[in-house]
Amino acid sequence: MRLLELYIHIPFCKKKCKYCDFLSGPSTADERESYVKSLCQDIRSYAHLAEACRVISIFVGGGTPSTLTAFQMQQIFSAVRDTFVVEENAEITVEMNPGTVDREKLSGYKKCGINRLSIGLQSTKNRELQILGRIHTYEEFLNTYSLTRQVGFNNINAVLIIGLPKQTIADVENSVNELVNLKLEHISVYSLILEEGTMLEELVRSGKLKLPEDKEERNM
């Protein structure tokens, strides 16, 4: 029996962040509906291969998967479970952004069997969030995090990016400490990479923004 870890990509977001070069972008409701339909068909097309497999983890990334409705997410997981045998204790994660979910959507996630959430915070400082082109504030993250706990999720990750323009070591320490105090189950910390062709790379290259000195030397 082959053990599988599935990754499902949702290429939609409300707004492209300044640092992002992922396959993602804004979309219409019709585009999202069409994508989900095609995705479900594609998942089911693996039925002949899935017989010899068991799924031990699923990660739904993006983009911002939480741009989908709860019903659309349920359609995707129905296709997965119709096709694959998913272990009862499988870790099932969905990425989401602050301000893109409500109680109804989160409750729908739980009905899908989703048991882990990864929240794209990136920084606890609103000025840094603006530099990154994020659609939310730190306060909106706190509201979203509180809501996830109220709905009953007990395995939550938050993502930070470090090495940002105008960011100090004290800023990083402060962000990490604030998240530690929230008693999250996991914190992911990534170093900023200036990807060619992104808005942030252009701002740094043109001198309008400056990275911390050691970071600039590594990426420029």
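Contact here means heavy atoms within 4.5 Å. The model is predicted.

Q: What covers the buried residues of α4?
A: The buried residues of α4, which spans residues 103–112, are Lys105, Leu106, Gly108, Tyr109 and Cys112. They take up an arc of only 155° around the axis, so they lie on the same side of α4. The cover over these residues includes α3 (70–83), β3 (85–96), β4 (116–122) and α6 (138–151).

Q: Which exposed residues does the face of α4 turned away from its buried side carry?
A: Exposed means over 50% relative accessible area. On the face of α4 turned away from the buried side, the exposed residues are Glu104 and Lys111.

Q: Which residue caps the N-terminal end of α4?
A: At this end, the backbone nitrogen of Glu104 lies 3.3 Å from a side-chain oxygen. That oxygen belongs to the capping residue, Asp102.

Q: How many residues apart in sequence are the parts that the pair of Phe12 and Tyr35 ties together?
A: Phe12 and Tyr35 form an edge-to-face aromatic pair, 5.3 Å centre to centre with 80° between the planes. Phe12 is in the loop between β1 (2–10) and α1 (29–44), while Tyr35 is in helix α1, so the parts tied together are apart in sequence by 23 residues.

Q: Is Tyr138 buried or exposed?
A: Tyr138 and Phe141 form a stacked aromatic pair, with centres 5.8 Å apart and 15° between the planes. Both residues lie in helix α6, three residues apart, about one turn of the helix. Phe141 is buried, and Tyr138 is likewise buried.

Terms used. Residues numbered from 1 in each chain as written. Predicted model: local features only at pLDDT ≥ 70, side-chain atom pairs only at ≥ 80, totals over all residues. Heavy atoms only, no water. Buried < 20%, exposed > 50% of the residue type's maximum accessible area, 1.4 Å probe, protein only. Helix = DSSP H or I, 4+ residues; strand = E, 2+ residues; numbered from the N terminus. Arc of directions from axis to C-beta. Polar contact = N/O pair within 3.5 Å; in protein donor to acceptor, adjacent residues only side chain to side chain. Phe/Tyr/Trp six-rings, centres within 6.5 Å; stacked < 30°, edge-to-face > 60°.
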